Amino acid sequence: MDDFAEILLTVPKLTYVRRFSGVMTKTGGIMKIGIIGSGNMGGSLGKIWARKGHEVVFSFSQDPSKLDALAQSGGSGARAGTPRQAAEESEVVLISVWPPALPQALAAAGPLTGKIVITCMSGLKPDFTGQTVGLPTDRTSSLAEELAGLIPGARVVEAFNITFAETLASDSRSFGGEHPSIFYCGDDAEAKAVVARLIADADYQPVDAGGIRTARSLETLASAWVQFAVVSGLFPDLALKALRR
Ligand SMILES: NC(=O)c1ccc[n+]([C@@H]2O[C@H](COP(=O)([O-])OP(=O)(O)OC[C@H]3O[C@@H](n4cnc5c(N)ncnc54)[C@H](OP(=O)(O)O)[C@@H]3O)[C@@H](O)[C@H]2O)c1
């Protein structure tokens, strides 16, 4: 059994599979995905999903031509739009901005009630000191929990914060035939199942890490992971895989 067949067997079939019709991708139906923050992470993930058959709207760049270029390279399922269009027209919204730009991004997006909101934000400072941007380090909270508090009614799932944008930008997520793991967490089981399928569609192995509170640990691990990669000299050609037996 290959990795993806195994993932499919472990992800429960939920109502969204019936709701999203159309061309089937490797792991499910077409989804409408809004990208808010189309930089290293959002730009690459959006392109991957669009090329897998999903409908993707790229938004929230200070340079509109960047959004057009992303839409071009994403193919027929991709287009550029405003953050409000990306939010309104999508079932799933990826928020991939630097934390200081979050208030501006949320104001531009408008209501996110009922949306599945993926956050990949880690907020590691650019000098890799391990300190997060704008949060105390005693870990009584996480960026994901802060985000969930700002958008009550949205179904927030943290994912993709322990991978490198360089991995997403490369042609493949294969490391010697192995696919890296993505830990994801959230409090809404249906939203998590959808995100697990999108993780698989991005050619990673989804690993359920529990409720949104686990984001405290995931964001800490993300900071540690990038430091390990840099200090070892292996950045960015290093990926994390959770082994199972
Ligand atoms: N890079 C990684 O390897 C990585 C890995 C895991 C998690 N993360 C997390 O993912 C999040 C996004 O990281 P990234 O590397 O994708 O960042 P990025 O390349 O800088 O992307 C951020 C996006 O937000 C847009 N933006 C719009 N208004 C902005 C404003 N006022 N100030 C700042 N940005 C604004 C940027 O616009 P422009 O297009 O005009 O720059 C850009 O498209 C961060 O929280 C980071 O911690 C990053």
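# Reading the ligand shell, core and strands

Visitor: Which helix gives the largest share of the shell around the ligand?

Guide: Helix H3, residues 40-51, with 3 residues. Helices (H or I, at least four residues) and strands (E, at least two) are DSSP runs, numbered from the N terminus. This is a predicted model: local features need pLDDT of at least 70, side-chain atom pairs count only at pLDDT 80 or more, and totals for chains, interfaces and linings use all residues. Residues are numbered from 1 along each chain as its sequence is written.

Visitor: How many residues surround the ligand, and which are the closest?

Guide: A residue is near a molecule or strand if its C-beta atom, placed from the backbone, lies within 6 Å of it. Here 25 residues surround the ligand. The closest are Gly39, Met41, Ser61, Gln62 and Ala165.

Visitor: What is the make-up of that shell by class?

Guide: It has 11 nonpolar, 12 polar and 2 charged residues. Ala, Val, Leu, Ile, Met, Phe, Trp, Tyr, Cys and Pro count as nonpolar; Asp, Glu, Lys and Arg as charged; the others, Gly among them, as polar.

Visitor: What pLDDT does the chain average?

Guide: pLDDT is the predictor's confidence in each residue, from 0 to 100. The chain averages 87, and 82% of the residues score at least 70. Over residues 1-24 the pLDDT is below 50. In the model, that stretch has 30 contacts beyond near neighbours in sequence. A contact means C-beta atoms, placed from the backbone, within 7 Å.

Visitor: What share of the contacts in the chain joins residues 24 or more positions apart?

Guide: Among contacts with a separation of 6 or more, 69%. The chain has 10 helices and 8 strands. Of its 245 residues, 46% are buried. Buried means 20 or more other C-beta atoms within 10 Å of the residue's own; exposed means 12 or fewer; partly exposed is in between, with C-beta atoms placed from the backbone.

Visitor: Which residues have the most contacts inside the largest nonpolar core?

Guide: In soluble globular proteins, nonpolar side chains tend to be buried together. A nonpolar core is a set of buried Ala, Val, Leu, Ile, Met, Phe, Trp, Tyr and Cys residues joined through C-beta atoms within 7 Å. The largest one here has 66 residues, and Ile36, Tyr184, Val195 and Ile199 have the most contacts inside it. Helix H9, residues 189-201, gives the most to this core, with 8 residues. Take Val195: leaving out residues up to four places away in sequence, it touches Ile116, Ile118, Val157, Ala159 and Tyr184.

Visitor: In which sense do strands E1 and E2 pair?

Guide: Two strands pair if DSSP finds at least two bridges between them. E1 and E2 (residues 55-59) pair in the parallel sense over 5 bridges. Ile35 has Phe58 in E2 as its bridge partner. Ile33 stands opposite Val56 in E2.

Visitor: What is phi of Phe160?

Guide: Most residues other than glycine have a negative phi, and most peptide bonds are trans. Phi of Phe160 is near 70°, a positive value. Phe160 sits in the loop between strand E6 (155-158) and helix H8 (165-169). It counts as buried because it has 28 C-beta neighbours inside 10 Å. Asp203 also has a positive phi, near 70°. Asp203 lies in the loop between H9 and strand E8 (205-208).

Visitor: Where is a cis peptide bond?

Guide: Between Phe235 and Pro236, with omega about 0°. Pro236 is in the segment after H10.

Technical notes:
Contact = placed C-beta atoms within 7 Å.
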